[in-house]
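Please examine the structure shown below.

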Amino acid sequence: MEIASENTKSKTEREEEVVFLRRKVGLLRAISFLIGSIVGSGIFISPKGVLANSGSVGASLVIWLACGILSMLGALSYAELGTSIKKSGGHYVYILETLGPLPAFLRLWSEIIIIRPSVTAVVGLSFGRYIVEPFFAPCPAPLLAVKLLTACGVSLVICINSWSVNWTARIQTFLTLSKLVALGLIITPGIIALSQGRNENFQHAFNSSSVTLDKIPLAFYSGMFAYSGWFYVNFFSEEVINPERTIPLAIVFTLILITVLYLLVNVAYYTVLTADEVLASGAVAVTFADRTLSGFSSVIQILVSLSCLGAITAGLFSASRVFFVASRENQWPTIFSMIHIQHHTPLPAVILIYPLVILMIFIGDLYGLLNLNSFPRWLFMGLVTLGLIRHRYKQPDLYRPFKVPIIIPGTFSALCLFIVATSLYSDPLSTGISCALTLSGVPVYYLMIKRQQRPGWYRKALYLFTVKLQILMQVVQQEIVTY
């Protein structure tokens, strides 16, 4: 019996030592990751951007609802893709499978040099601002202090993502609860005030004279930024338990919940604050808390900062899987498809964009970064759902456990591409810069990826460099196929 027990134990130990990304994300963790991804700084900073570009309280509420509906159309399309294409990687792998390697590489390139660093910097700066301001109130917090604390928060998240998937998921669940508490502390006093008859800010809510159609795409950018994150579970689908059931349920439940909560939060804001007060506020949630939770506004600031930290955690966890898969598909250096031998995390992929995030934190402007990343993000999301339509016709017999009517991805694609096209007129500078940065990936693709023959000295140097990094980071290739 002892010999059998020892043999069983040694077999179990051998299984534990096999290096691969394990399925550890069930339905509850998937929902937690999605809520944690979506509810970050967006709902606490975007109301100002939506209102400024929509022109009125009523129009801003319509845009918040429209952004929720648009997100649901995209989410349903991604649920189909996530259950029919088994690989992790989200946008990148769906474009690779449906539209080809060049568009997929451009999505990867924009994720590395624009989208992920700028989104992380935006949410991180909100984290730094909310957590530092209570210590300097009523004076504004020094910008350097905000940026230093932001850099510390991002560094902590990188360390946790590098150390353990389980700990990342546990911390994400706790941070998700803090987000829901923060939203509850905003919604409750707002709804109470509205029930007491405070509706003067909703009178003449649609002031058509102040609505400028050329700014509507920028209003959608701000609103969609607050909803962005519903696609993150698709980034790590190989680590999801029973993905055919978990992915659709998690996406649909989360988006319905978030849309309702966001509408209630905005109604609460406008019940207590006038449109001018929202536009004048640097942190709408704090201004609201000062008015309704006198003496406890610092609690809101702490909860909002934790909410931002949760969004950073989920975003970096998900994006690292994109780099991991791209390396596995031979569109990125081999080292980024390797996994730590003890922690079973894709360590090189996790730390890839860390230097660029820190750079953007110290040189970037919050709203400038927001507009910069919006163009490539929504362009490629529109291409993903166009790819879904093409995939349907190219592979009609492919098993699709979850299937949506073709009009859903068609509508989502058309709206995304319309918003992207009109943004070139609304904000030509930021949009033009992000477009140019995205297209800079074309020569990189043809010189570094498409080109098959490379000089012998280059291949030898790259091999030696990869080996040195492997030894330094203690990483190896995945030993089990997980898709």
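This is a predicted model: local features need pLDDT of at least 70, side-chain atom pairs count only at pLDDT 80 or more; totals for chains, interfaces and linings use all residues.

Arg116 counts as buried because its relative accessibility is 2%, and buried means under 20%. The side chain of Arg116 meets that of Glu111 in a salt bridge, with 3.0 Å from N to O. Glu111 has a relative accessible area of 1%, so this residue is buried too.

The side chains of Glu277 and Arg291 meet at 3.0 Å, N to O. Glu277 belongs to helix H11 (residues 275–280) and Arg291 to helix H12 (residues 284–292), so the pair ties together parts that are 14 residues apart in sequence. At 27% relative accessibility, Glu277 counts as partly exposed. Arg291 has a relative accessible area of 43% and is therefore partly exposed as well, since that class lies between the limits of 20% for buried and 50% for exposed.

Which parts of the chain are linked by the pair of Arg400 and Glu80? The salt bridge between these two residues has its closest N and O atoms 3.5 Å apart. The pair links distant parts of the chain: Glu80 lies in helix H4 (residues 57–84), while Arg400 is found in the loop between helix H16 (366–394) and helix H17 (407–426), 320 residues apart. Both Arg400 and Glu80 are buried. Over the whole structure, a search finds 10 salt bridges.

The structure holds 2 cavities of 30 Å³ or more, and the largest cavity contains about 150 Å³ of space. Of the 17 residues that line the largest cavity, Ser37, Val119, Val123, Ser228 and Ala311 are the closest to its centre. The elements that give two or more residues to this lining are helix H2 (27–38), helix H6 (101–136), helix H9 (216–227) and helix H13 (297–328).

Methods:
Residues are numbered from 1 along each chain as its sequence is written. Side-chain values use heavy atoms; hydrogens and water are left out. A salt bridge is a side-chain nitrogen of Lys or Arg within 4 Å of a carboxyl oxygen of Asp or Glu. Helices (H or I, at least four residues) and strands (E, at least two) are DSSP runs, numbered from the N terminus. Buried means under 20% relative accessible area, exposed over 50%, partly exposed in between (1.4 Å probe, protein chains only). On a 1 Å grid over the protein atoms alone, a cavity is a set of points where a 1.4 Å probe fits but cannot get out, and a pocket is an open set with protein on both sides within 12 Å along at least five of seven lines; lining residues have an atom within 4 Å of a point. Grid points are joined across faces, edges and corners, and a volume is the space filled by probe spheres set on the points.
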